[in-house]
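I opened this entry to look up a few points in the structure. My notes follow in the order in which I took them.

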Amino acid sequence: MKLKKAANISSLLTIRVADAECDLYFPDVVDDILLFTDQYDDYYVLSGGSNIIAGKIEKPVLYMGNVISGSDTDDLGEFSVKVFMPSWVSIASLLNYSIANGLSGVEFMAGIPGTVGGALVGNAAPAGDSWDDIVAVIYIVQDGEIYPLVPEYGYRTLKNRPERPFVVYGCELILVKDTPEGVRSRILHYLSKRPRIKGHSAGSLFKNPEGEKAGRLLEAVGMKGFSVGGAKLSDNHANIVVNSGEGCFDDFCRLRDTAIERVRERFGITLEPEVKFWS
Ligand SMILES: Cc1cc2nc3c(=O)[nH]c(=O)nc-3n(C[C@H](O)[C@H](O)[C@H](O)COP(=O)(O)OP(=O)(O)OC[C@H]3O[C@@H](n4cnc5c(N)ncnc54)[C@H](O)[C@@H]3O)c2cc1C
């Protein structure tokens, strides 16, 4: 497995944090992932990099962008199929696969960046949707071994996630037999509802507190369009974090902390970051 020491990983993060750096491991095959998890107890897993703001990272980072293996399909009868999907498949490829094979269930992910692995771990979805209904099993790698986990999902979280670091290797999806045209038209419908985000971004900076919208709270305390260096909250949506130039890790941390402080002072609510901060 290739290792790049002190690699600048700005280009692997959709928000392009200028000074993001780490020792980066590139597994080629599944055995490399098994070896890595056997060798290290504490590490990060980087996939599409669309939900991460990173600085100088001390832990080793496993980059899942290069692994090679395919999907596999099991016919379950008249109505559905079971599909094994590797975690490193991009959401865009998953959607193309579902159109090509006329398999319905993942259309809600249209327009969301990243990979299957990142989505499975964070239950990424548009507001109100979830991976609950389509994932039968997630395959977890820990300590050099693979085991199945039946996931329990909550808002932006895998509730029964393992306590120690782990790698998602893949999952079994239960998809419904449909037609390519049917799947495509639902994907276009979801795409039409997506917000337009300009520039390099990591999506929503904070989770929505129960019964509230983080964007509303942030706008009320004057954070819409607010910036610290190159780190900025979007002019169009106060909870969308963007890089307006050469934003570095410290800029993003100060932006996050200012936002938390202002909302806490005014509303007594402590916002919880949705984006992962790694250092
Ligand atoms: C423009 C934009 C719009 C977005 N809109 C939405 C939205 O509407 N809804 C939403 O929920 N999210 C949204 N996001 C956030 C992001 O797209 C999702 O969280 C996505 O699922 C992250 O996937 P990823 O592969 O990029 O994961 P990464 O960013 O690489 O990682 C995210 C987290 O998942 C972990 N992880 C990733 N892969 C694995 C693996 N194989 N094994 C173990 N852990 C892993 C990482 O360690 C990290 O903790 C948006 C982001 C952007 C930039």
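I started with the strand pair β3 and β5 (residues 61–63), which run in the parallel sense and are joined over 3 bridges. I keep in mind that this is a predicted model. Within the pair, I found Y44 opposite V61 of β5.

Next I looked up the sheet around this pair. I noted an open sheet of 4 strands with mixed pairing, in the order β1-β2-β5-β3. Its edge strands are β1 (2–8) and β3 (44–46), each of which pairs on one side only.

I then turned to the ligand. Which residues are the closest to the ligand? I listed G48, G114, G117, G118 and G203 as the closest, in a shell of 32 residues that surround the ligand. The elements that give two or more residues to this shell are β3, α3 (116–122), β13 (167–177) and β14 (200–204). I marked α3 as giving the most to the shell, with 5 residues. By residue class, the shell around the ligand divides into 17 nonpolar, 14 polar and 1 charged.

Last, I checked the domains. The domain assignment of the chain gives domain 1 as 2–66, domain 2 as 72–192 and domain 3 as 200–278. For domain 2 and domain 3, I wrote down that their C-alpha centres lie 28 Å apart.

Note on methods: Residues numbered from 1 in each chain as written. Predicted model: local features only at pLDDT ≥ 70, side-chain atom pairs only at ≥ 80, totals over all residues. Pairing = 2+ DSSP bridges. Domains from an automatic or database assignment. Near = placed C-beta within 6 Å. Nonpolar A, V, L, I, M, F, W, Y, C, P; charged D, E, K, R; others polar.
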